[in-house]
Amino acid sequence: MIFPIYNLVVQIAYILALPQRAPPGMLPPPGPPLIFDIFTPPIVLIVFSLFAFIHYLFLRTWNSKVQRYDTQKGRFDDLLKSSPETEENSTDFITFSQLFYDILNHMAKIRIIFFILNITSLLSMGHFIQAMLVDFQLITAPFPPAPPTIQFFDYLNQIGLIIYLIYQWKIFLRWNRKNARIPAFEKQVYDEVFQGDT
Amino acid sequence: MPPSSYRSSNLIIQKILEGILRADQQHTLMKQGIVKSHLIKYCGLKAVVAEKYLTKMEKAGYIQSHEEAWGDRTIIIYNITPLGRERFSWFIKINSEMG
């Protein structure tokens, strides 16, 4: 969670610094900012924030369910002791199975955003490399580069981005490897229970 | 049948197996099994859906039921079979491997 917040701050700094990069009366007159310069920080900001926010919301909800699951032993005892004829309708017990499938469904959804996140990361790295090349005077940009302070924080941001991506890729690769076994298991159980229905 | 349909069915099946096993672990009123109405409440299912799944699972050999006297009425108790226990243990194994 630390990296997405740091990344958010850096991208906001880039956006805020954009008008200051071409002050009036600057000589020689700068060219118009590239679309790449204008849109990269907001895109990186939106995609990373969305990815982190969805993850955060899910984990917060899921952790509260886990806590409820851990503390409902007494309620389950009460249910077992209650009259079999109680007219109470379905209860809100948290089951282990539900917790498991909640993660599965979340990972299936977040996978799409993760794909977009990877493309956005390339955009972010490209933006950074362009700034570095300008700094080292290997290319000339028509638009002045961002202030050195922001570039320094972006340098740290790119290191964090690589570490963050490696961490996320490890999670997704491990998840995909394990996840590959689930459909076969689900199909077998389904066929055994519903055989003859289809 | 799309994977999502298998998934929603599997969730209900695993919930039912889990409910019976959990009752076996706690067995406050009886040593084995769980009363049908309690199982339905634990799983949070509608009666019609629960009836469909319980019938199918019993036919598949995952669970078995028997009637017991309860006052002047009879209640249905569900137990898990070795096959049902094995299927749930697969599920647990996959989950534990996910870490």
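Which residues of helix 3 (residues 73-81) of chain A are buried? In this predicted model, local features need pLDDT of at least 70 and side-chain atom pairs count only at pLDDT 80 or more, whereas totals for chains, interfaces and linings use all residues. Residues are numbered from 1 along each chain as its sequence is written, chains are lettered from A in the order in which they are written, and side-chain values use heavy atoms, with hydrogens and water left out.

Helices are DSSP runs (H or I, at least four residues) numbered from the N terminus, and buried means under 20% relative accessible area, exposed over 50% (1.4 Å probe, protein chains only). In helix 3 of chain A, the buried residues are Phe76(A), Asp77(A), Leu79(A) and Leu80(A); seen down the helix axis, they fall within an arc of 160° (taken from the directions from the axis to the C-beta atoms) and so line one face of the helix. Asp78(A) and Lys81(A), on the other side, are exposed.

The axes of helix 3 of chain A and helix 2 (residues 36-43) of chain B, which are lines fitted to C-alpha atoms over the stretch in contact, with angles from 0 to 180 degrees between N-to-C directions, come within 9 Å and cross at roughly 150°. The two helices are therefore roughly antiparallel, a term for angles over 145 degrees. Contact (heavy atoms within 4.5 Å) is made by Phe76(A), Leu79(A) and Leu80(A) of helix 3 of chain A and by His38(B), Lys41(B) and Tyr42(B) of helix 2 of chain B.

Conventions: Angles under 35 degrees count as roughly parallel, over 145 as roughly antiparallel, 65 to 115 as roughly perpendicular and the rest as oblique.
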